[in-house]
Amino acid sequence: MTVISPDSFDPEIAVGKARAALRRAWFQAPQVMAGWLVKDGAQAAIWAPVAIGAGAGLYFGLKTEPLWLIGILAMLVTGLASLRRSVLGKISFIGFLCTLGFVAADWRTARVEAPILERDLGIRQIEGRIISVEARPDSKRYIVALRWIEDVGEDETPGRARITWRGEGFEAKAGDFVGLRAGLGPPPPPAAPGTFDFARQLYFQRIGAVGYAVSAPAVIADRPPPRFGAIAASIETLRANLFQRITKAAPGQGGAIVAAVVTGKRDAITPQSQAALRDAGLAHLLAISGLHMGLATGLIFFAVRGLLAAIEPLALNYPIKKWAAAAALLSGLAYLILSGGGWSARRAFIMTAIIFTAILVDRRALSLRNVAIAATIILLMTPEALFHPGFQMSFAAVTALIAAYEWMSRRADPFRSFSLPAKVRRYAIGLAITDTIAALATAPYALYHFNRVALYSLPANILAMPLMGFWIMPMAVTALLLTPLGLDGWAWSLSANGVETILAIATEVSSWPGAVSLTPQWPLAAMLALTLGGLWLCMARSPLRILGLAAIPIAAIIAGSAAPPHVFVAASGLNAGLLMSDDDPRLAVFTRRRDRFAASVWREAAGLDPLQSEALLMRDVGICDQSGCVLKAETNVRVSFIEDRLALEEDCARADLVVAFFPVSAADWRACRASLIDRRSVWKRGAHAVTFGKYGAASIKTVAETRGERPWTGDY
């Protein structure tokens, strides 16, 4: 070995070698980058649902309804251009997928179109067929396919109505043709600009009216349901009967949650239980997702295969693995139907079906391709799923988990120990890694939709998941198999006992200080940045995947620069809220008697917990008299809330913003020096939100501005 002394070191030679290395790297960089791009290009197929979702998102993001012919022509042009074997052809294929998503969303919107009520009707006699019934602790909420509404023309009658009944004597069931008296109105618009649009969600369920019943539904016996309606009614009745069977065998919240996991009906779960599970990071246990579908079908697969393997002639002469896969596939389909077929359940079933179908045809299923296929099917069939929190969080979690475990599996030690202690250690570590990855993947969507994220989900899931996998789901599957024999009661009870243990864990973890982090309403751009960054990080295969982490500081800058609104005005025009900023931010409302749901949405949008304490009253924190109140916002801006027309002139002269709970004439509007929101402007444009800039300038957003004029928006 040659030893180089410090005296023999020549700086000029070292600099020359460094320059030569840099030159080699410079000339080799294009080849290396090209290799990386080719490697990532091989994964192009799994990006198909991203392009389809982008097209659907573009459609839903438009402010006016596009001409349907434009989307069809764009799809044809890009489809023909994609046939060329060139770079332009590949780019055109991406455009084809985007236009496919756009056209699918347009077609779906047209297919479910049905009339929407434009105004409150008051109490009317109605007739229709019950589609489903939710039996809540204090009420029943049911969906009715409307046939007739008193004094409403057939062409103006909505397809369906969602009605709540709080009385006694509800004897009707799904499939019955009923008559009743109910107060009906249009679906509610968003309670504040940028918040969740329930009217859009109801539109795609063909629900064009909501209201309350003043009489229990009376069954009209001479209207039998149509064939397919009878099948749907039978399934709904089966779900309802099973729900009642479970809750009767296992009373309490444990039984209610088991019933929700099996039937998809969450009617009997109390708000306290839901809040405890949510704040402990265990809310995913209520959604029928890959966890439940995998456990249910996996138990059937291994049980059937083990039973057949014990019969030697069958095990030696027949493909018992395929038989077990077929049984698991059928059980998954039955579970999907029984659970009501939510977004997460559909995704889980499609992926499970691909896996077991691959076993049947002696193929190996690629996991990320399973996710892509499931997402593509759902987005083409129901593009509105793109905006549903369950769809976003479900696919985010499963994509991140599969990508992470594929990466780790390629680096696993082939000589690792398989002793019992080693297996237990790997299980615990895997559980911790799984929860951490899932929590990080779903956090952006929890923050965007719910303005909150659970910080202690890791210890809660480490304690709860073994109970779910080894106790609750095996007992639930056993109970389902024993139900036809009438021997299921004990198994439901044992399964519910396991859930009670999880509830105790959730209650304890959610009570820890700092268990939940609350944030103001996130901008859409921040969530999109994290979505694109996360997708690139999960789906890319070259070292370029690290670029996906750049989305984190970008989203942080976007979210940090977006201040929450300082003033909210309800869509009724009769209530408003102002964010009081001090060491303990609170929301002050003009009255607690009206718009209670809107006030809870305002608090969430401001980063406050609506369940911790009720909002302040402006009369307790502002300068008030019989005509109204004057308060100061964060930027020292004076905001006046008035009910008396006589106070308008004075308040317009001294306040920076005036909220009038009455219509203001055009002359008074022009004479007002302050920014003005009156009841007429709310009638025309929906709920308002006001943000004050650094120097007190008011930026006013309205629901009409954010929604545009679409089939589900109705008239303001």
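**Cysteines and a hairpin**

Mentor: Both C652 and C672 are buried, where buried stands for under 20% relative accessible area, exposed for over 50%, and partly exposed for the range in between, using a 1.4 Å probe and protein chains only. This is a predicted model, in which local features need pLDDT of at least 70, side-chain atom pairs count only at pLDDT 80 or more, and totals for chains, interfaces and linings use all residues. Residues are numbered from 1 along each chain as its sequence is written, and side-chain values use heavy atoms, with hydrogens and water left out.

Trainee: How far apart are the sulfur atoms of C652 and C672?
Mentor: They lie 2.0 Å apart, and the two residues form a disulfide, a term that requires a pair of cysteine sulfur atoms within 2.5 Å. Helices (H or I, at least four residues) and strands (E, at least two) are DSSP runs, numbered from the N terminus.

Trainee: Is the disulfide of C652 and C672 left-handed or right-handed?
Mentor: It is left-handed, because the torsion about the S-S bond is about -100°.

Trainee: How many disulfides are there by this rule?
Mentor: The count comes to 2 disulfides. C624 is joined to C629 by a disulfide with an S to S distance of 2.0 Å. The torsion about the S-S bond of C624 and C629 is about 110°, so that disulfide is right-handed.

Trainee: And is C629 buried or exposed?
Mentor: C629 is buried, at a relative accessible area of 0%, whereas C624 counts as partly exposed because its relative accessibility is 28%.

Trainee: What pattern do the disulfides follow?
Mentor: With bonded cysteines counted along the chain, the pattern is 1-2, 3-4. C98 takes part in no disulfide, and the nearest cysteine sulfur, that of C538, is 20 Å away.

Trainee: Where does C98 lie?
Mentor: C98 is part of helix α4 (residues 87-111). Apart from neighbours within four places in sequence, C98 is in contact with A51, A54 and G55, contact being heavy atoms within 4.5 Å.

Trainee: Changing topic, which strand does β18 form a hairpin with?
Mentor: β18 forms a hairpin with β19, with 5 residues between them, and G696 in the turn has a positive phi of about 90°. The two strands run antiparallel and are joined by 5 bridges; strands pair if DSSP finds at least two bridges between them. V690 stands opposite I700 in β19.

Trainee: How many of the residues of β18 are buried?
Mentor: In β18 (residues 688-692), 4 of the 5 residues are buried, so the strand is mostly covered. β18 also pairs with β9 (residues 567-569) in the antiparallel sense over 3 bridges, and H688 is the bridge partner of V569.
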